[in-house]
Each structure stands twice: as structure tokens, then as C-alpha cells.
Amino acid sequence: MTAIQVVLAGGGSAGHVEPAMNLADALRRRDPTVGITALGTEQGLEARLVPARGYDLAVLPKVPLPRRPTLDLLRVPGRLLGAVHRVREHLDRVGADVVVGFGGYVALPAYLAARRRGTPFVVHEANARAGLANRIGARGTPWVAAAVAGSGLRGARVLGIPLRRQISTLDRPAARGAARTELGLNDGPVLLVTGGSQGARRINAAVAGAAQTLATAGVQVLHVTGPGQFEQVQAQLGDAPPATHHLLAYVDAMGIAYAASDLVLCRAGAMTCAELAAVGLPAVYVPLPIGNGEQALNARPLVDAGAGLLVDDADLDPAYVVEVVLPLLKDQPRLREMGIAAAGLGHRDADEALADLVLEAIRR
């Protein structure tokens, strides 16, 4: 019997690539013979992330979709047609049984090529507000999934976002002691600071400016700056940074960081919100101040449920960290309540649920 061939389309950002790879892992756990091919570009993060996870990458030309009417919009049809043709070649080459798209500039040509070929396709939307590619794709398939309700995709099944198993299976209380030992932390309150894979200047500057006050209050800071901002933050902390301020450029095993922490100060990307909900970790969310406002929408269900706070990027400064974040860190009962509220919104089995939907599309 010929192995099932699955083609994944989700390039450009970690928020598109990671769910695709986590779905691939879930499918391979069920059947190690399943063929997995990811579509992407040579410039996107997928060029590094997909091979690192052990999957094949098929390269496409990049077809960015302008957010507003510009002259670039006139060039889109020709570029898109070329990308659709290239996708069709890849689908024929591997004998694709299904295409699964996660949005972004790789997804739209994948949806169009699958429809022309008569190949079933599945759409997954991670953000609270669906992007253009997924809005178009969802009109042509009955198999549509979303991370949260209200994404704008009619008939979408709310499954959550496929997460890495180290996150979705994390037992924070059980892993707390070992995680703190590994990171050199003691039993005091721990603030995890992260701006995502590239870091966030506003978050880094605010925490660095409040570092001494946090240390005096007995707060330990696990500060993940992002690779491009490590030296800048290091300089801001000065020659004698507090011993309780642990500066890291990047963390591969975020599960360990989550297990060790009491509160997170972070951006509100869809993947971040999904991970924190899954592990039951309260957070102060600082939405990215550009784009169409999707990060604020991503965090809103958690904030409304009492699982987090929301602060505008422009309002985050050292004073906010001292006046709002610090008192929250010292209020363990409230943090426990927030963690319970977060866990109530978590989807730990989204990878398996999406795998079920993919196999349903193949069978039907």
C-alpha cells in the first residue's frame, strides 16, 4: 500500500512554520511511513526550520500579498500564476493526497494548485483574525480549522494550534524544581521576559530599566533578548548587572523556561498565546504595534478570562514594570488563579485533532 503523501504550506514566520511541523510530527507518530513535504521559500524561516525538524522542503518563488492597494498589487497575478504552476509540479512529483495550509504567502498558491488538481486541502488559521490567504482558501474547502472562535472563517472547527509535545505535555508544577536548577534559579518569584524569536526592543528596554528594582524586591528575571539585541541589553544593564538577572540571547527548550517561571512578559503572537494557555502560565501581553491588530485580538480571550494583562507597546516602560508587573509577581494567590484561567483556554491536543481532520479530508 502506497504511503499517504501530505504537503504542508505555511512559510514566512515561525507562527506559520511551527504549527505545520507539529502537525507533521503528529502524523508521523501515527504512521512513520507518511510522506511529508513542506512548501516554502529560500528566504523564509522555513528554509532553516523545516530541514532542522527532519522534513523535506520544496522551494517556491515568494508571492507577497500587499495589505493595501499599491502598484505591487498589479504584479501579484503574474507572480501568483507562476507559484501555482510550481506548486502543481511539486504536488504531482510527490503524488500528494492532501494539502494543509497555515496561511502566509506560501499558502494561497498551494490552495489554488490543490483545487485545480482536485486534491483535498485543509486550512488552519492560528490568529484571532484570519489572513487574506486563508480567507480565500476557506471558501473552497469544507475542512477548515481555527485556533479560536471568531476568526472570520465560516464553519471553522475550533481546534487550537498544534504545539510541540514538550509544551503540550508539560506538567509545570512537576517540572518546576528541575527546571529552576538547570537555569540556576532559586525558589523566589521568576519573571520570564521574551519578545519572540527576534526579540522586542520596547520589552527589553523596559525590563532592563527596571532591573535593579526587580532585584532589590527579590525577583529573578529570565530575560530572553533575541539574538540581535543581546549586546544592546547587556550594555544597558551595565558592568555590574544584578546576579538575579539571567540574560539569554535565545532559548531552544521553552518548556524548561515555562516550567521555571511564575509570570511572562511577552508579545501576543498566536503561538505564544496558545503555548501559555496550554501550560497554564499567566502573562502580561504587549501586542506588536504594527499590522492589523491581530496580536491584541490573540490575547483578548486570555485577558477577558482573567489569565493575563494587556498593555500597549507605547505604555510599557520601566515604571509600568515596577508599578504593575512587580506587584503581580509578589501576589502568588492571584498568579495561581490566573494560571488556572489560562489552562481553561488551552488546547493541548490540537496537533492530534488537526491530524484527525487531515485524515478525514483524505478519506472523503
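**The nonpolar core and its surroundings**

In the predicted model, the largest nonpolar core comprises 38 residues. Ile161, Leu192, Tyr258, Leu276 and Tyr285 have the most contacts inside this core. At least two core residues come from each of strand 8 (190-194), strand 9 (220-224), strand 11 (263-266) and strand 12 (283-285), and likewise from each of helix 11 (254-260), helix 12 (270-279), helix 13 (294-304) and helix 15 (332-343). Helix 12 provides the largest share, eight residues. In soluble globular proteins, nonpolar side chains tend to be buried together.

Leu192 illustrates the packing in this region. Leaving aside residues up to four places away in sequence, Leu192 touches Leu222, Val224, Met254, Ala257, Tyr258, Ser261, Leu263, Val264 and Leu265.

Helix 13 has the buried residues Glu294, Gln295, Asn298, Ala299, Leu302 and Val303. An α-helix has 3.6 residues a turn, so residues three or four places apart point the same way. The cover over the buried residues of helix 13 includes helix 12, strand 12, strand 13 (308-310) and helix 15. Just after helix 13, Gly306 adopts a positive phi of about 85 degrees.

The protein as a whole contains 16 helices and 13 strands. Its radius of gyration is 21 Å, close to the 21 Å given by the globule rule for 364 residues, so the protein is as compact as a globular protein of that length. Of the 364 residues, 52% count as buried. Among contacts between residues at least 6 apart in sequence, 66% join residues at least 24 apart.

Technical notes:
Residues numbered from 1 in each chain as written. Predicted model: local features only at pLDDT ≥ 70, side-chain atom pairs only at ≥ 80, totals over all residues. Heavy atoms only, no water. Core = buried A, V, L, I, M, F, W, Y, C linked by side-chain atoms within 4.5 Å. Buried < 20%, exposed > 50% of the residue type's maximum accessible area, 1.4 Å probe, protein only. Helix = DSSP H or I, 4+ residues; strand = E, 2+ residues; numbered from the N terminus. Contact = heavy atoms within 4.5 Å. Rg over C-alpha atoms; globule rule 2.2 N^0.38 Å.
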